[in-house]
Amino acid sequence: MLAFSTILLAFTATLGALAAPTSEALAVPDAGDLIDKRSVAPGTGTNNGYFYSYYTDGGGDVIYNNGAGGSYTVQWSNSGDFVAGKGWNPGSARVINYSGTFYPSGNAYLSVYGWTTGPLVEYYIVDSYGTYNPSTGLTYVGQVTSDGGTYNIYKTTRTNAPSIQGTSSTFAQYWSIRTTKRVGGTVTTANHFNAWNSHGMTLGTFNYQIVATEGYGSTGASAITVS
C-alpha cells in the first residue's frame, strides 16, 4: 500500500495540471461568440410589449433574438434574404425613436419597414444600408426633408413576390432613402406618408410596422432598441 503522503502529493499534482490555464482558455473570444447561438424561430409574435417579425428564406446563417423592452439583436453570415425587427401591429403614422448599432458587410438595410392592405403595399424608410444602394432600379419621384435629413423617394411594382398575403401577383413598394446614412434617431413617419401621398403613392390599412434589419447575400450584426 502506498504511503498517505505519496498519494497526497500525486493528487495535488493532478489538481495543478487541471487548473493550469491553456492557451485556448486564455484566448479572447470573437465578438460573435458572445452572442447567444440560440435563435428565435422565424415568424411573428409579441415580446416585452412589442410586436416582432422575423422572416428568412432559409439561406445562410441568421441568429435573431429578442431582448428587453424594444431591443433585439441579429447576427448573420452569408445569408439568404431575411428581415427581422421589433415594432407594432398595427402600424400608424407615429413618431419612432430608435438607437443601436448596425454593422453590415455587403447588402443590408436598416429601416422603418411595414405593410398595408387595400391596397397591398410594402414600404421602407431607410436610414442606413451596406454596399448596395436599394434605390438601384427603382423609379425616382421626389424628395422629403424630415428629422434633420433629406430622403429620396422611390417606387416600384413587385410581381410574383412574397408578401404578407403569400406570394402576390402584383403589389406596390414605396421607399424613402436617406441621402446621409445614420444609425439611431427619430423617424416621423407621417412626413414620409404625406410626401408619398402627394406623389399618388397611397397607403391602405396598416398592418405591422417594425424597425427592421434586412440582409441579402451578406454578413453582419446589428443591435437595435425601438421606443
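Predicted model: local features only at pLDDT ≥ 70, side-chain atom pairs only at ≥ 80, totals over all residues.
Residues are numbered from 1 along each chain as its sequence is written, and side-chain values use heavy atoms, with hydrogens and water left out. Local features need pLDDT of at least 70 and side-chain atom pairs count only at pLDDT 80 or more, while totals for chains, interfaces and linings use all residues.

Start with confidence. pLDDT is the predictor's confidence in each residue, from 0 to 100. Its mean for the protein is 87, and 84% of the residues reach 70 or more. Residues 1–35 have pLDDT below 50. Beyond near neighbours in sequence, this stretch has six contacts in the model (heavy atoms within 4.5 Å).

Now the whole chain. The protein has three helices and twelve strands. These are DSSP runs, numbered from the N terminus: helices are H or I with at least four residues, strands E with at least two. Of the 227 residues, 43% are buried. Buried means under 20% relative accessible area, exposed over 50%, and partly exposed in between (1.4 Å probe, protein chains only). Take the contacts between residues at least 6 apart in sequence: 67% of them join residues at least 24 apart.

Next, a hairpin. Strand β8 (residues 139–146) pairs with strand β9 (residues 149–163) in the antiparallel sense, over seven bridges. Two strands pair if DSSP finds at least two bridges between them. T145 stands opposite T150 in β9. Two residues lie between the strands, and D147 in the turn has a positive phi of about 55°.

Strand β12 spans residues 205–226 and holds S222. S222 has a relative accessible area of 4%, so this residue counts as buried. Leaving out residues up to four places away in sequence, S222 touches Y72, T73, V74, W76, T101, F102 and T213. With T213 there is also a side-chain polar contact of 2.8 Å. A polar contact is a pair of N or O atoms within 3.5 Å; within protein, one must be able to donate a hydrogen and the other to accept it, and residues adjacent in sequence count only if both atoms are side-chain atoms.

E214 is also placed in β12. Its relative accessible area is 10%, so E214 is buried. Residues touching E214, not counting those up to four places away in sequence, are D81, F82, V83, N107, A108, Y109 and Y124. The side chains of E214 and Y124 make a polar contact of 2.9 Å. Y55 lies 159 residues from E214 along the chain, yet their C-alpha atoms are separated by 9.3 Å.
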